[in-house]
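Hello,

Here is the structure I said I would pass on. Please look it over before reading my notes below.

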Amino acid sequence: MFKQIEGSQAVAETVALCRPEVICAYPISPQTHIVEGLGALVKGGQLQPCEFINVESEFAAMSVAIGASAAGARSYTATASQGLLFMTEAVYNASGLGLPIVMTVANRAIGAPINIWNDHSDSMSQRDCGWIQLFAESNQDAVDLHIQGFRLAEELSLPVMVCMDGFILTHAYERIDVPSQEQVDAFLPSYVPRQVLDPAQPVTIGAMVGPEAFTEVRYLAHAKQLQALDLIPRIGAEFSKVFGRDAGGLLRAYRIEDAETVVVALGSVLGTIKDTVDTLRVAGHKIGVLGICSFRPFPLQAVAQALAGAQRIVVVEKSFSVGIGGIVATDVRMALQNAQQQVFTVVAGLGGRPITCAALQRAFSQAIEGRLEALHFLDLDREVVERELARERSERRTGPTAVNILRDKRAAWRTR
């Protein structure tokens with residue numbers, strides 16, 4: 001049924017349709033509206049049987065999810081930013097134990113300095129933790145990926161993160177097709193765990209493993225991720241048949257058939273990139289977009305095939321690895337390791353900075369003309385950066401960098 005609804009509320013209603021039996025949460029912006037919505041549904045009796053557990057921290061939230069999943073309950077939680085970092089130890093435990101927990105990550109920047117706005121530094125920090133990571137381009141995507149996420153997690157017995165851009169998606173109101181309970185039940189079967197704590201058949205979940213077996217255990221976690229590369233498109237195709245729309249999959253291609261330049265990205269920025277590409281197409285440039293839905297596992301072969309005809313690739317990403325550069329771009333280069341295409345990294349939108357069509361058009365045009373640097377920071381104010389570096393060279397006690405830059409930026413704004 002179509003509704004004009006906030007993204008967080010649509011996700012809450014959709015998660016409820018998946019019939020979780022335990023929801024555990026600790027509030028942190030911008031995911032709070034999701035668990036508030038679920039809490040109201042549990043309290044009002046619309047979501048039953050389900051236990052909503054208020055915990056004292058994000059670490060506790062993931063710990064409760066682990067215990068509930070090990071006991072055989074379909075389990076869900078949500079977090080963002082520092083909340084995800086606080087639960088990191090338990091996040092690794094969940095995947096290492098092979099527990100099919102589903103978690104929404106409302107992507108938000110990691111401090112310091114403190115910043116509550118969107119980028120992808122939180123989920124990217126967990127890219128090696130063993131969770132499947134699916135990225136939503138729109139709120140409709142976020143709704144659809146949660147349904148598929150439960151199915152994927154439970155078929156593989158692996159945890160799944162559904163990543164949606166904080167505020168940009170979580171707090172946006174738009175027209176969304178929220179499915180019916182009958183549709184979700186037809187697609188998502190009742191949860192039958194692969195492993196469960198049962199007094200009648202006692203086992204140990206989480207036993208210590210020494211050097212003689214640890215490599216094999218870790219390799220099997222990798223092997224399951226590779227299985228997901230086959231399962232994700234199959235689940236997406238089945239979802240399309242039941243719900244009547246395409247969603248999920250590994251990749252989304254847009255106007256790449258004859259493209260000489262292909263822009264690669266993930267998340268909500270894809271909409272702005274597509275608008276920019278349309279404008280450049282009108283100007284005669286052969287350019288397209290490749291959206292990545294499955295960041296972990298990363299679809300190396302599918303990316304290589306999709307980019308085979310391109311002369312140059314521009315990877316736009318909302319995070320980067322300090323001291324080396326792009327994170328997604330590194331994976332793209334791995335996919336193209338035997339090819340001769342140029343790969344550029346454009347870091348954009350850090351801490352919620354607006355990503356405009358005009359700025360993207362300048363960067364893409366520079367790439368087409370061969371003038372784009374290999375690592376480019378979109379709309380970077382180099383004058384302010386150079387002023388701070390000069391201050392550090394000339395003074396010993398320069399004070400906090402963030403305060404200095406803010407002061408310089410405000411001074412520049414006042415003179416405009």
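Strand β12 (residues 294-296) is antiparallel to strand β6 and is joined to β6 by two bridges. Strands count as paired here if DSSP finds at least two bridges between them. Strands (E, at least two residues) and helices (H or I, at least four residues) are DSSP runs numbered from the N terminus. In this pairing, Gln133 has Arg296 of β12 as its bridge partner.

This is a predicted model, in which local features need pLDDT of at least 70 and side-chain atom pairs count only at pLDDT 80 or more, while totals for chains, interfaces and linings use all residues. Residues are numbered from 1 along each chain as its sequence is written, and side-chain values use heavy atoms, with hydrogens and water left out.

β6 also runs parallel to strand β7 (residues 160-165), with four bridges between them. Phe135 has Cys163 as its bridge partner in β7. Between β6 and β7 the chain passes through helix α7 (residues 139-156), and this β-α-β crossover is right-handed (with the strands pointing away from the viewer, the path from the first strand over the helix to the second runs clockwise).

In a regular strand the side chains alternate between the two faces of the sheet. In β6 (residues 132-135), Ile132 and Leu134 point one way and Gln133 and Phe135 the other way, and all are buried (under 20% relative accessible area, with a 1.4 Å probe and protein chains only).

Now the pockets. A pocket is an open set of points on a 1 Å grid over the protein atoms alone, where a 1.4 Å probe fits, with protein on both sides within 12 Å along at least five of seven lines; lining residues have an atom within 4 Å of a point. A volume is the space filled by probe spheres set on the points, which are joined across faces, edges and corners.

The largest pocket has a volume of about 1,400 Å³. Its lining has 36 residues, and Pro113, Leu350, Gly351, Arg353 and Ile405 lie nearest the centre. Two or more lining residues come from each of α14 (382-394) and α15 (401-414), and α15 gives the largest share, six residues.

The second largest pocket holds about 550 Å³ of space. It is lined by 21 residues, of which Ser95, Gly96, Leu97, Gly98 and Val217 are closest to its centre. α5 (88-96) and α9 (211-243) each give two or more residues to this lining, and α9 gives the most, with six residues.

Regards

Methods:
Buried means under 20% relative accessible area, exposed over 50%, partly exposed in between (1.4 Å probe, protein chains only).
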